[in-house]
Amino acid sequence: MFKRMIAVLAIVIAGTAPALAKRVALVIGNGAYENTIQLPNPANDAQQMATKLRGLGFDVVSGQDQTYGDMRRSVMEFARKAYGAEIAVLFYAGHGMQIAGQNLLIPVDARIEDETSLDFETISVDFIMRQMSKDVKVQMVFLDACRDNPLARTLARRMGPSRSGSVGAGLAEIKIEETGGEGSVIAFATSPGDVALDGEGSNSPFTSALIRHIDTPNASIQTVMTRVTGDVYEATEKRQRPWVNASLIGEVFLNKQAQSGKPTEVASLGNTATAAPQPTVTTPSTAPSASAATTQSTIAWEREKLVWETVKASNTVADYKSYLDSYPNGTFAGFARNSIKRLESSQQVASVNPASAANTTLPNPQLGASGTEETEVALGWNRTKRREVQTRLNLTGNKVGRPDGAFGPKTRAGVTAWQTANGFSGTGYFTAAQYALLSTQTETQYSAYIAEIRRKQRAATASRSATTTRRTNTATTTPQRVTPTTNNNTGGGGINPAGAAFIGGVVGGIIGGAIGR
């Protein structure tokens, strides 16, 4: 009898072992700002995210509308708990800014009157991430802090033309560094340098999607973020695409449900269960195939969704049929068939120019052949178009240098890297299908980039016009006395130092944006 009780107790202990795995999270939502525009959603975002994470077994350090002192104390408490954790999570919603490539989170009492304020009124993301790297297996960072921030613009004006370029829009890309653990996941509400929407409901589009998917049973974090990206892209009418940078040696599950009769795992890394060993053991030969199958499924879903988004935007019978040819049993097959019926019944044509319908049908990136020099030449790109392609590659993070319209070794390497990342054969040459996918991925960023260049060009033109007007007024209203002068003040070019510095800053900003710094 005693031996039987011991055996039962051992089983109970083994069954509860997964819940003992150490998972820690820091969740902060700042919206009630005292010296800048208030945000209605971050407090709600943080409260609901904290509830979700607690339900997944996380020890959560949370706070809403925190001052600088409050945030420092929260980070300190989180750092102490995170040491040696299996998974450490940072979630932040609120105002943020990037200065010279460094991302800063803004407490509710910040003023940011000058550069000195940055060290004493903001919290660096890098500082928090250092606290998450101390013997932590997996680090996850979710930043819903890419909102429009007036404090950043105020600081840029006070820094002057020569240094204002270091103040960027949105957040800067975070490079993943090797920490010796299982890996890292970093997710922004939108692409680096872009501005995210706060949303019209009680949550932002990004946090709303994250809350909806993060506890999906048996969904890896890679799959979760793919679904979050699709939801945000759809909800914002293609204006916002979340950015995810992941470096994991295996799949990470936050809510992995065990098979019937076995304990439920709150979280696990890769294919390794956090529970005590069970009688049924997964053999090494079967584990990689399951992981590979899941990865391929994720890639296939992401491609199908990209195709569907483009087809839906074109809204033609030809493109809906193209989708059905490739995905007869796809997720959106029913919608495609209904759209075809609607268009045909209202006698809408498939294309504005039926003769070129075959050329305007969406290329299928999943079935496209490998790129060659011939497939790229067939696209008929001129030098301007090639500069656009180089710019789009820069926006994806595949740096090819300053867009000059010449596809040299650096550009070919960038094309190869992009192809490989998207599951294509890395040949360094585009096909029509691959270019269509690249355009879809970067449309929002590219439009914002072009708009910024035009804005800077208008500012430079306005500055030159103002300088000319001032000189004309001075010449007509003030008697001039001809005296010998030197070139020390004007530089011999007729432009004063302040104007030259301003124009230099504008030109430098345009070139920097084109290079993708």
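Me: As I understand it, helices (H or I, at least four residues) and strands (E, at least two) are DSSP runs, numbered from the N terminus. With those labels in hand, where is the place of D65?

Reply: Before we start, keep in mind that this is a predicted model. D65 lies in the loop that runs between β2 (59-64) and α3 (68-82).

Me: What is the phi of D65?

Reply: General idea to begin with: most residues other than glycine have a negative phi. D65 is not a glycine, yet its phi is positive, at about 50°.

Me: Is D65 buried, exposed or partly exposed?

Reply: Buried is under 20% relative accessible area and exposed is over 50%, with partly exposed in between. D65 comes out as partly exposed, because its relative accessibility is 30%.

Me: And E237, what about its phi, and where is it found?

Reply: E237 has a positive phi too, about 55°, and it is not a glycine either. You'll find E237 in the loop between α9 (221-235) and β10 (243-248). With a relative accessible area of 63%, E237 is exposed.

Me: Let's move to helix pairs. How do I read two packed helices?

Reply: You describe them by the angle between their axes and the distance between the axes. Take α8 (residues 205-213) and α9: their axes come within 9 Å and cross at roughly 140°. An angle over 145 degrees would count as roughly antiparallel, so α8 and α9 are oblique to each other. The crossing of α8 past α9 is right-handed.

Me: Which residues make that contact?

Reply: On the α8 side they are P205, F206, A209, L210, R212 and H213, and α9 brings V224, M225, R227, V228, D231 and V232. Sorted by type, the contact of α8 with α9 has 8 nonpolar residues, 1 polar and 3 charged.

Me: At what angle do α11 and α12 cross?

Reply: Helix α11 (residues 317-326) and helix α12 (residues 333-345) cross at roughly 155°, and their axes come within 9 Å. Angles over 145 degrees count as roughly antiparallel, so that is how α11 and α12 run relative to each other. This time the crossing is left-handed, with α11 passing α12.

Me: Which residues of α11 and α12 meet?

Reply: From α11 you get V317, Y320, K321, Y323 and L324. They meet A333, A336, R337, S339, I340, R342, L343 and E344 of α12. The contact of α11 with α12 divides into 8 nonpolar, 1 polar and 4 charged residues.

Me: One more pair, please. How do α15 and α16 pack?

Reply: Helix α15 (residues 383-395) and helix α16 (residues 409-421) have axes 10 Å apart and pack at an angle of about 55°. Roughly parallel needs an angle under 35 degrees, and roughly perpendicular starts at 65, so α15 and α16 are oblique. Their crossing is left-handed. R386, Q390 and L393 of α15 make the contact with T411, R412, G414, V415 and W418 of α16. By type, the α15 and α16 contact holds 3 nonpolar, 3 polar and 2 charged residues.

Me: Now single residues. Where is F91, and is F91 buried or exposed?

Reply: F91 belongs to strand β3 (residues 87-93). F91 counts as buried because its relative accessibility is 0%.

Me: Which residues does F91 touch?

Reply: Leaving aside residues up to four places away in sequence, F91 touches L26, V27, I28, D45, A46, M49, F142, T207 and L210. Look at F142 in particular: F91 and F142 are 51 residues apart along the chain, but their C-alpha atoms are separated by 4.7 Å.

Me: Which polar contact does S184 make?

Reply: A polar contact pairs N or O atoms within 3.5 Å. The side chain of S184 is joined to that of Q139 by a polar contact of 2.7 Å. S184 sits in strand β9 (residues 183-188), and at 6% relative accessibility S184 is buried.

Me: What does the side chain of Q445 reach?

Reply: The backbone oxygen of L395, at 3.3 Å. Q445 itself is found in helix α17 (residues 432-477), where Q445 is buried, with a relative accessible area of 9%. Apart from residues up to four places away in sequence, Q445 touches S191, D194 and L395.

Definitions and conventions
Residues numbered from 1 in each chain as written. Predicted model: local features only at pLDDT ≥ 70, side-chain atom pairs only at ≥ 80, totals over all residues. Heavy atoms only, no water. Buried < 20%, exposed > 50% of the residue type's maximum accessible area, 1.4 Å probe, protein only. Contact = heavy atoms within 4.5 Å. Polar contact = N/O pair within 3.5 Å; in protein donor to acceptor, adjacent residues only side chain to side chain. Axes fitted to C-alpha atoms, helices over the stretch in contact; angles between N-to-C directions. Parallel < 35°, antiparallel > 145°, perpendicular 65-115°, else oblique. Left-handed = near helix turned anticlockwise from the far one by under 90°. Nonpolar A, V, L, I, M, F, W, Y, C, P; charged D, E, K, R; others polar.
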